[in-house]
Amino acid sequence: MEAKETVEVRVVHGGQETILRVEKGANLLLAMTKANLPIDFMCTTGKCTTCRCKMSIPPGSASPASETEVYRLGQQACQEGYRLSCQLYVQGPLTVYL
Ligand code: FES
C-alpha cells in the first residue's frame, strides 16, 4: 500500500506548541480535534466563525480563503491571516495560533 503524503502543521496554543503530521488535503479542524487540541467549533460549515484562527500560511500550503470565509470574516481579516479552520484543507506546512 502506498503511504499517503503528510505535511507538518504547527499549532501554537497557550504558550505550547504541538506539531501535527496530517495527510495532504486533510481538513484542518478535524486534524486539530483528532489531536485533542483546544479548538472551539460549532457548525463546521463556515457559518458560525467559532473556529476562526490566525494562521501563517506559506503560499501553496492551503487553498485561498473561500467566498464563505471572505464573507464571514471580511476581506481585511483574511488578508491579516485569519481563516476558518473548518473550511481549510491543508496542502503544505503551516502554523496555526489558537
Ligand atoms: S465551526 Fe462554524 S465556521 Fe467553522
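Okay, let's start with the sheet: five strands, open, in the order β2-β1-β5-β3-β4, with mixed pairing. Since β2 and β4 (82-84) sit at the edges with a single partner strand each, one side of each is left without a neighbour in the sheet. From one strand to the next, the twist averages 35°, with axes being lines fitted to C-alpha atoms and angles running from 0 to 180 degrees between N-to-C directions.

Before I go on, this is a predicted model, so local features need pLDDT of at least 70 and side-chain atom pairs count only at pLDDT 80 or more, while totals for chains, interfaces and linings use all residues. Residues are numbered from 1 along each chain as its sequence is written.

A quick word on terms. Helices (H or I, at least four residues) and strands (E, at least two) are DSSP runs, numbered from the N terminus. Two strands pair if DSSP finds at least two bridges between them.

So, the whole chain. You get three helices and five strands, and along the sequence the pattern reads β-β-α-β-α-α-β-β. The C-alpha trace spans about 40 × 25 × 25 Å along its principal axes. Of the 98 residues, 26% count as buried, meaning 20 or more other C-beta atoms within 10 Å of the residue's own; 12 or fewer is exposed, in between is partly exposed, and C-beta atoms are placed from the backbone.

Now the hairpin. Strand β1 (residues 6-13) runs antiparallel to β2, with eight bridges joining them. His13 has Gln16 in β2 as its bridge partner. There are two residues between the strands of this hairpin, and Gly14 takes a positive phi near 50° there.

Let's stop at Glu17, which is in β2 (residues 16-23). Is Glu17 buried or exposed? Exposed, because Glu17 has 10 C-beta neighbours inside 10 Å. Leaving out residues up to four places away in sequence, Glu17 touches Arg10 and Val12; contact here means C-beta atoms, placed from the backbone, within 7 Å. Thr68 is another story: 51 residues along the chain from Glu17, with 29 Å between their C-alpha atoms.

Over to β3 and β5. Strand β3 (residues 52-56) and strand β5 (residues 94-97) run antiparallel, joined by three bridges. Which residue does Lys54 stand opposite in β5? That's Tyr97.

Last one, on contacts across the chain. Among those between residues at least 6 apart in sequence, 61% join residues at least 24 apart.

Definitions and conventions. Contact = placed C-beta atoms within 7 Å.
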